[in-house]
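Subject: Structure handover

Hello,

Here is the structure you are taking over. My notes on it follow below the display.

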Amino acid sequence: MKRSDFMKSMAIGLGMFSTSLVGNARALGGGHEKRSQNMKPKILKEGEGEKQLLLGDWQTIKLTGKDTNNQYTQIEHVSNPGMGIPLHIHRDEDEVFHVLEGELEIQVGNEVKVLKSGDIGFCPRGIPHSWRVVGDQKVKLMLCVFPSGIEHMFKEIAALPAGPPDLEVLRQISEKYNIRFV
């Protein structure tokens with residue numbers, strides 16, 4: 001076989017192979033066309049997003065389920081020293097805590113670690129976890145929750161009257177979103 005004939009046959013074969021792969025990926029739902037149809041690009045600069053005061057902590061909602069086709073929610077969260085959330089379980093979501101500033105003690109299952117700037121904690125659904133700001137500085141973190149939906153709970157809690165929270169009301173709201181304190 002001549003070199004030119006060989007090259008032509010290879011090109012035709014590779015073309016048919018790659019066309020087959022693309023067709024199979026689309027048939028199996030491997031293309032992203034379906035997921036991205038409803039999503040629009042969104043660029044947020046530092047300080048931009050929907051701000052809310054949540055039980056003394058500042059949150060800036062960066063991306064919601066509406067932005068991500070319900071795939072995830074992203075929230076910048078700032079908490080004061082000593083602030084924390086007691087041990088609880090999410091039935092529906094996985095959470096990722098990415099510490100940007102300060103120190104955050106996090107418990108996931110039986111493991112307890114102090115996270116500092118650049119550190120990440122992953123809390124899979126169904127595993128009890130808690131967190132608390134340690135040290136004398138505020139903590140700033142990026143919270144990503146998969147899938148989305150928790151932003152609705154946070155908005156509901158942020159709409160509560162100012163002052164000490166009614167723990168029974170907080171429990172009821174949390175349970176409505178399949179989050180249970182243990």
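Over how many bridges do β5 and β8 pair, and in which sense? β5 and β8 pair over four bridges, in the antiparallel sense. Helices and strands are DSSP runs (H or I, at least four residues, for helices; E, at least two, for strands), numbered from the N terminus. Two strands count as paired if DSSP finds at least two bridges between them.

Before the rest, some notes on the source. This is a predicted model, in which local features need pLDDT of at least 70 and side-chain atom pairs count only at pLDDT 80 or more, while totals for chains, interfaces and linings use all residues. Residues are numbered from 1 along each chain as its sequence is written, and side-chain values use heavy atoms, with hydrogens and water left out.

The sheet

Strands of a sheet pair through backbone hydrogen bonds, either parallel or antiparallel. Here six strands make an open sheet with antiparallel pairing, in the order β1-β2-β3-β10-β5-β8. At the edges are β1 (50-54) and β8 (120-123), each of which pairs on one side only. From one strand to the next, the twist averages 25 degrees. (Axes are lines fitted to C-alpha atoms, for helices over the stretch in contact, and angles run from 0 to 180 degrees between N-to-C directions.)

Helix α4 packs on this sheet and touches β1, β2 (57-63), β3 (73-79), β5 and β10. The direction of α4 makes about 55 degrees with that of β1. Within the sheet, Glu95 stands opposite Cys123 in β8. Cys123 is buried, at 1% relative accessibility. (Buried means under 20% relative accessible area, exposed over 50%, and partly exposed in between, with a 1.4 Å probe and protein chains only.) Cys144 is buried too, at 14% relative accessibility. The structure holds zero disulfides (pairs of cysteine sulfur atoms within 2.5 Å).

In soluble globular proteins, nonpolar side chains tend to be buried together. A nonpolar core is a set of buried Ala, Val, Leu, Ile, Met, Phe, Trp, Tyr and Cys residues joined through side-chain atoms within 4.5 Å. The largest one in this model has 23 residues, and those with the most contacts inside it are Phe97, Leu104, Met153 and Phe154. Two or more residues come from each of β5 (94-101), β6 (103-108), β9 (129-134), β10 (139-146), α4 (150-158) and α5 (167-176).

What does Phe154 touch, apart from its neighbours within four places in sequence? Phe154 is in contact (heavy atoms within 4.5 Å) with Gln52, Leu54, Gln59, Ile75 and Leu143. Ala158 is also found in helix α4. Leaving out residues up to four places away in sequence, Ala158 touches Gln52, Leu53 and Leu54. Ala158 and Trp58 are 100 residues apart in sequence, yet their C-alpha atoms are 9.8 Å apart in space. With a relative accessible area of 25%, Ala158 is partly exposed.

Helix α5 holds Ser174. Ser174 is buried, at a relative accessible area of 4%.

Salt bridges

A salt bridge is a side-chain nitrogen of Lys or Arg within 4 Å of a carboxyl oxygen of Asp or Glu. A search of the whole structure finds 12 of them. Some are described here.

Lys140 and Glu46 meet in a salt bridge at 2.9 Å, N to O. This pair links distant parts of the chain, 94 residues apart: Lys140 is in strand β10, and Glu46 is in the loop between α2 (33-36) and β1. Lys140 is buried, with a relative accessible area of 14%, whereas Glu46 is exposed, with 61%.

Glu105 forms a salt bridge with Arg132, with the closest N and O atoms 3.3 Å apart. Glu105 lies in strand β6 and Arg132 in strand β9, so the pair ties together parts that are 27 residues apart in sequence. Glu105 is partly exposed at 25%, and Arg132 is partly exposed at 38%.

The side chains of Arg171 and Glu175 meet in a salt bridge at 2.7 Å, N to O. Both residues lie in helix α5, four residues apart, which is about one turn of the helix. Arg171 counts as partly exposed at 32% relative accessibility, and Glu175 counts as partly exposed at 40%. Elsewhere, salt bridges that share partners join Glu46, Glu76 and Lys140 into one network.

Regards
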